[in-house]
Amino acid sequence: MPALYADVDRVEQLIRQLAAAYGPSGHEEPVRALLSAHVAPLADEITVDRLGNLIARIRGQGGPQARRVMLAAHMDEIGLIVTHIDDKGFLRFAPVGGLGPATLLGQRVVFADGTVGVIGAEKLEDVKDLKMERLFIDIGAGSRAAAAQRVQVGSMAVFAQEVAGSGSRLTGKALDDRSGCAVLVEVMHHLRAAAPPHEVYCVFSVQEEVGLRGARTAAYAIAPDMALAVDVTPSGDTPQGEKLNVALGGGTAIKVKDRSLISHPKVRQLLVDTAAEAGIPYQMEVLPYGGTDAGAIHLTKSGVPAGALSIPARYLHTPGEMVDLGDVAATVDLLVAVLKGPLPEMPA
Amino acid sequence: MILRELSELPGVSGDEHRVRARLWEAVRDRVDGGRVDALGNLITWKGADRPGPKVMIAAHMDEIGLMITRIDKDGLLRFRKVGGIDDRVLAAKAVRVGPDGIPGVIGLKPIHLLKDNEAKKAVSHEELYIDIGAASKEEAERVVRPGMYATFATAFGELGDGLVKGKAFDDRAGCALLVELLALDFPFPVYGVFTVQEEIGLRGARVAAYDVAPGLALVLEGTTCADTPGTDPHGQSTLLGHGPAITVMDATHIPARPLVDGLVAAAESAGIPWQWKRTTFGGTDAGSIHLTRAGVPAATVSVPCRYIHSPCAFMSLRDFENTRRLLAAFLEDVPRVAERLAQGSA
């Protein structure tokens, strides 16, 4: 089905560019720089707050219908942080965000300065002994001094895996949540053209993967009337997979709940009604675990009606995350359709 | 040494008033003013009207401990843990119970009476009890009530080459450092905040930071020092005697890079030994402070302490002094660090 608004080629290009950038939690600068360049011509104002969130504001036409809306997609990706360098130059590390040891073995990782490493393991008697503390990163340094030329304790690495296309599907690292960031930029293109009454704050947030941290302080500063997070959600459509309702290619996922949020019923209904009316493919997401920026946002100040749109994804928090461009386009379409129209009175 | 007094005072989370009173006495002549907020944090300030970023320096007053939950028929006290305590450190320790410091011992079956496997297992805190020598419930109730706190009865002392031992160095070491720092004069506003209830969820710091609304924050801690047998080199969070530890990440916070860089630069240029904290679990008040209002750049500096969250920790007085020197040097650099922070968010 052709997209209603989204320029799919443009979004795909941006996803590829953003996903290739380095940006573990707390070190989102390269992603922020890329995004700043893309949103500068589309926003009325751009700010970076004290935690590093990039906030792009579209002023809106105003009037009695106007609301202040916050959209959030996080810039950070999961990664590894160096905790120790041994005499032979091997690096020990801890995870940044949700990572298991099985995902890591044999992976290639890259540091901010381009230093490449591979993850090795101590000799294990049993695969069950595969624990994070028995893994290490080998950057090819022969000594502590040689390693210390390139990394130090506190340096972070991310998966080295660029996005590859496979028909309408993309696979690679950091599609969580660079695909959401690309959705927000694409939405800004259309809001620019449509000039709705609402004042829209597009927040590219930091440190989501370590506890929804950036969105919390951004929401405090913005104090929105309504908020939507745009993130990815695990799909349940792989062999012997989890029993989850969401399928790749099934459309944008309207979040009902996860562990951080129960979507405001009016927000959820608005999303469902708008999607149904515009013929945008959608599915309902009920996630028994996990969280998104909306979880932090809705508890800000005296509370913010909030919901989330999720891009279905497979193999999350691995180098091979996979999304469907049709779902990405549907997410753009639904956001644009919602923001072009009147928004309900809230809370009520 | 104020650390001696602070270490020996009882002050389990929610019961920090004795520590607070002693700290106020120690700092009242060093600050322009102070007040106690609704949760019990002691917020002090100096130079509040000066230009520049408001700098909040926080250390928590509370310590881990026990709370009496029930008194048995036979006069023995059942308890729950307040804060993170390894059950294995509890058995057979001397404690003090309640506001009057009633002496007691955490009781355990003697070895003669143990069944086959009992000696091989650590006893859960739910099976342990505090014995204050009361013969009956009635006798115990004359001096103890459920809801009262208990702390380890550990005397402060000096040992080894410049080491001290005592309880509650986490975070009375931080409190003692803050007392020292408040003797200095700063060209910018400084808020010295002694917080409550850190050990049970970084609670006091959260509301104190909301109130102070700082431009940047430093958290002073006594942190783990796993340099003892049985720990791989890469699992050793800090090393005793190797100087102040600077945190790069923990479970609650990724420190602001300009502050971390500023701390490292201050240590290097003053020739002060320092180390990275090399593990990423646990949390500090910085976890709540940095998420306050629209966000606060924050960092954590710790004095390494062996055996924290146990009845008795070790700390090096040289580490303490080097931590004080590092913080003093960093605070001199604050105007420059603030400039770098401002550039970062331009």
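Trainee: What separates domain 1 of chain A from domain 2 of chain A, and where do the bounds come from?

Mentor: In this predicted model, the C-alpha centres of the two domains of chain A lie 31 Å apart. The bounds, 8-77 + 173-340 for domain 1 and 79-159 for domain 2, come from an automatic or database domain assignment. Residues are numbered from 1 along each chain as its sequence is written, and chains are lettered from A in the order in which they are written. Local features need pLDDT of at least 70 and side-chain atom pairs count only at pLDDT 80 or more, whereas totals for chains, interfaces and linings use all residues.

Trainee: What makes two residues count as in contact, and how many residues of chain A and chain B are involved?

Mentor: Their C-beta atoms, placed from the backbone, must lie within 7 Å; by that criterion 23 residues of chain A are in contact with 17 residues of chain B. Helix α6(A) gives the most to this side of chain A, with five residues.

Trainee: Why is β5(A) called largely enclosed?

Mentor: A residue is buried if 20 or more other C-beta atoms, placed from the backbone, lie within 10 Å of its own. Five of the six residues of β5(A) are buried, so the strand is largely enclosed by the rest of the structure.

Notes: Helices (H or I, at least four residues) and strands (E, at least two) are DSSP runs, numbered from the N terminus. A residue is buried if 20 or more other C-beta atoms lie within 10 Å of its own, exposed if 12 or fewer, and partly exposed in between; C-beta atoms are placed from the backbone.
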